[in-house]
Amino acid sequence: MKLPATKRPDQNWLRAFMFTIFGTTALVISYFPLYFKEIGFSSAQIGYLYAIGPLISMFSNMIWSYTSDKYRTIKRIMNILIIGQLVTMLVLWQVASFGVVLITISLFYFFYYPVYPLADTMAIQTAQRYGRSFTVIRVFGSLGYAFFALAIGYAIGAAGASATLAIGIGIGVFTLLCSFLLRDGVAAKSEPVELAALLKILRSKEILWFFGCSFCLTIAHRMNEAFLTLTLSDLGAGEGLIGWSLMVSAASEIPIFFLLSKYGDKMKELPPAGFCKPDVRAPFPAHGPCI
């Protein structure tokens with residue numbers, strides 16, 4: 001039985017939370033490069049500042065996921081992460097030296113990237129609690145990105161690129177308030193991964209092909225994220241036009257989420273719970289991954 005929206009306040013606050021955290025994504029991905037250009041950094045320096053983020057996320061995601069698992073809480077960990085983002089943005093607002101900015105933005109990324117997998121985990125748990133599709137919650141992230149990409153563009157066009165971090169702090173404060181109103185989720189405990197089993201998986205041709213294709217795809221994706229706004233700015237586009245271009249790109253995925261929410265149950269990429277029992281001696285279960 002599905003409860004009415006008034007009986008699902010945690011779901012509604014989670015939607016608001018997803019909406020705002022992807023507003024931060026729009027700011028970081030699309031408008032931080034313009035801010036760094038405004039304070040005098042070269043394209044190469046901006047590339048370094050952007051490239052350090054995915055590198056840090058490789059271990060920051062593991063650290064915070066492990067912490068969430070150990071203390072059996074998602075909400076409190078996300079509270080800490082958002083507070084960390086706010087503090088580092090306040091520091092970033094006060095510095096202009098490339099070396100200091102590099103250190104500060106590295107700390108910011110340490111708190112920034114883990115929020116998203118934890119939020120997705122909470123969204124999956126909330127959707128399961130109310131018998132809903134994960135996509136009807138996750139789509140609010142795309143809506144938030146589209147809205148903030150446009151709104152931030154006009155705000156920066158009116159106030160100047162120097163207001164970028166002030167806008168980010170404002171979004172972060174509202175995100176923090178939403179996070180306090182969430183219903184806590186619990187990270188599921190998992191068995192420790194044995195090194196021998198991990199190496200066996202990594203030697204699989206299917207995994208290597210997948211990693212190779214993902215690597216090639218990500219190169220173009222990351223280049224587009226890091227330098228699209230700079231390229232548009234160099235071509236003479238104002239912040240408002242940049243905002244519209246970002247909004248259109250983000251809005252293009254919204255119909256897909258609605259289609260998945262309606263028809264996604266018919267596509268069974270993963271079998272239902274209890275469908276198979278994985279053989280721990282094999283790199284993959286006989287019938288595909290179990291959930």
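From the N terminus on, the elements of the chain follow the order α-α-α-α-α-α-α-α-α-α-α. In total, the secondary structure comprises 11 helices and 0 strands. The model is a predicted one. Of the 291 residues in the chain, 43% count as buried. Among contacts in the chain with a separation of 6 or more, 81% come from residues 24 or more positions apart.

The largest nonpolar core has 67 residues. Within this core, the residues with the most contacts are Phe-17, Phe-32, Phe-36 and Met-78. At least two core residues each are supplied by helix H1 (9-38), helix H2 (43-71), H3, helix H4 (98-112), helix H5 (115-129), helix H6 (135-159), H7 and helix H10 (239-251). H1 gives the most, with 14 residues. In soluble globular proteins, nonpolar side chains tend to be buried together.

Phe-32 was followed in more detail. Its neighbours within four places in sequence were left aside. Phe-32 is then in contact with Leu-27, Leu-92, Ile-105, Phe-108, Thr-164 and Leu-165. Two of these partners, Leu-92 and Leu-165, also take part in the contact of H3 with H7.

That helix pair was considered in turn. The axes of helix H3 (residues 75-94) and helix H7 (residues 164-180) come within 10 Å and cross at roughly 165 degrees. H3 is therefore roughly antiparallel to H7, because angles over 145 degrees fall in that class. The crossing of H3 and H7 is left-handed. On the H3 side, the contact is made by Lys-75, Asn-79, Ile-82, Ile-83, Leu-86, Met-89, Leu-90, Leu-92 and Trp-93. On the H7 side, the residues are Leu-165, Ala-166, Gly-168, Ile-169, Gly-172, Val-173, Thr-175, Leu-176, Ser-179 and Phe-180. By class, the residues of this H3 and H7 contact divide into 13 nonpolar, 5 polar and 1 charged.

H3 also packs against H5. The axes of H3 and H5 come within 10 Å, and they cross at roughly 150 degrees. H3 is therefore roughly antiparallel to H5. H3 passes H5 in a left-handed crossing. From H3, the residues involved are Lys-75, Ile-77, Met-78, Leu-81 and Gln-85. They meet Val-115, Leu-118, Ala-119 and Met-122 in H5. The contact of H3 with H5 has 7 nonpolar, 1 polar and 1 charged residues.

Thr-104 is found in helix H4. Its relative accessibility is 6%, so Thr-104 counts as buried, the cut-off being under 20%. With neighbours within four places in sequence left aside, Thr-104 is in contact with Thr-88, Val-91, Leu-92 and Val-95.

Asn-224 lies in helix H9 (residues 205-234). At 42% relative accessibility, Asn-224 counts as partly exposed, because this class lies between 20% and 50%. Asn-224 and Ser-30 are 194 residues apart in sequence. In space, their C-alpha to C-alpha distance is 9.7 Å.

How values were computed:
Residues are numbered from 1 along each chain as its sequence is written. This is a predicted model: local features need pLDDT of at least 70, side-chain atom pairs count only at pLDDT 80 or more; totals for chains, interfaces and linings use all residues. Side-chain values use heavy atoms; hydrogens and water are left out. Axes are lines fitted to C-alpha atoms, for helices over the stretch in contact, and angles run from 0 to 180 degrees between N-to-C directions. Helices (H or I, at least four residues) and strands (E, at least two) are DSSP runs, numbered from the N terminus. Angles under 35 degrees count as roughly parallel, over 145 as roughly antiparallel, 65 to 115 as roughly perpendicular and the rest as oblique. A crossing is left-handed if the near helix is turned anticlockwise from the far one by less than a right angle, and right-handed if clockwise. Contact means heavy atoms within 4.5 Å. Ala, Val, Leu, Ile, Met, Phe, Trp, Tyr, Cys and Pro count as nonpolar, Asp, Glu, Lys and Arg as charged, and the others, Gly among them, as polar. A nonpolar core is a set of buried Ala, Val, Leu, Ile, Met, Phe, Trp, Tyr and Cys residues joined through side-chain atoms within 4.5 Å. Buried means under 20% relative accessible area, exposed over 50%, partly exposed in between (1.4 Å probe, protein chains only).
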